[in-house]
Amino acid sequence: NITTGHQHTCGATSTSVGYCWGWNSYGQLGDGTTTDRLTPVLVSGGLLFSSIVGGAQHSCGLLSSGAAYCWGDNSSGQLGNGGLSPSSVPVLVTGGFLFAQVSAGDLHTCGRTTAGAILCWGENGQGQLGNGGTTDSPTPVSPSLAGTFRWVNAGGDITCAVTTTNAAYCWGNNQGGSLGNGTTTNSLVPVTVSGSLLFNSIFAGLRHACGITTGSDAYCWGLNSAGQLGIGSNSNATTPTRVSGGFTWKAISASRNENTCGITSTDVLYCWGTGFFGQLGDGGITGVNSPKAVLTS
């Protein structure tokens, strides 16, 4: 797999070897140093990763055994090892939990256990841990949400999850309506995403989120100042709004930098939102508020 953090990238090879490259001031590359790397370096420890995810200044990896390790910045406890000191090498998430999925947000991390429970750790100032408080936690805590889950995703300072019956919940910062529950009020506990839609997955950005339904439709909600919802306007949406174009989708990803990209069911890549740095891949730097095809050779 491959993952991008704020200014670093990590991936696991087909033989489960972990590599990272890019910015490394907090040790987020996991190579035992804080030296930036222009080419991939081996993640220390000889661990074999089934997947690696990148946060703002930290990274986390999942072993085939279900054990989760994190490395990098730990100022809010986002490494989950019980402390607040950064680590330039992988450290085990405490508690003896076995995970099927891990997701790294800006300063918090969440995981889905092999039994389908959700656990989160790290920064909690906006309620992104979902446990009813605003106190950071350097160890995994359970959101106030019953059920069995198939998906969890940690964004900037929001978190979203999908149950095994495809119901969607979000919690944390609700600026612009990023929790999708029809309000702009932060929530310290999970709230139901409005609309009775059934989702396969949801990706949370900084102030917006997007998901793909069981019918392969894409919906987005939240802040839309740069057109990152892809709904043909720049108006915020506090409830899920279908992405323009009439496409069906197989994948979508909401960036923390006001843009979104998705792959249609016919394997065409589209992006939308801000394009100031060329991140839409359409050959220009002008933003768009509806899907625009990425130029490919």
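Are Cys 160 and Cys 170 buried or exposed? Both Cys 160 and Cys 170 are buried, where buried means under 20% relative accessible area, exposed over 50%, and partly exposed in between (1.4 Å probe, protein chains only).

The model is predicted: local features need pLDDT of at least 70, side-chain atom pairs count only at pLDDT 80 or more, and totals for chains, interfaces and linings use all residues. Residues are numbered from 1 along each chain as its sequence is written, and side-chain values use heavy atoms, with hydrogens and water left out.

A disulfide is a pair of cysteine sulfur atoms within 2.5 Å. By this rule the count is 6 disulfides. With the bonded cysteines numbered in sequence order, the pairing reads 1-2, 3-4, 5-6, 7-8, 9-10, 11-12.

Three of these links are listed below.

| Disulfide | S to S distance |
|---|---|
| Cys 10 and Cys 20 | 2.0 Å |
| Cys 60 and Cys 70 | 2.1 Å |
| Cys 160 and Cys 170 | 2.1 Å |

The torsion about the S-S bond of Cys 10 and Cys 20 is about 110°, so this disulfide is right-handed. Cys 10 lies in strand E2 (residues 8-12) and Cys 20 in strand E3 (residues 18-22), 10 residues apart. Helices (H or I, at least four residues) and strands (E, at least two) are DSSP runs, numbered from the N terminus. Cys 10 and Cys 20 are each buried.

The link of Cys 60 and Cys 70 is right-handed, with 105° about the S-S bond. Cys 60 belongs to strand E6 (residues 58-63) and Cys 70 to strand E7 (residues 68-72), so the pair ties together parts 10 residues apart in sequence. Cys 60 is buried at a relative accessible area of 1%, and Cys 70 is buried at 0%.
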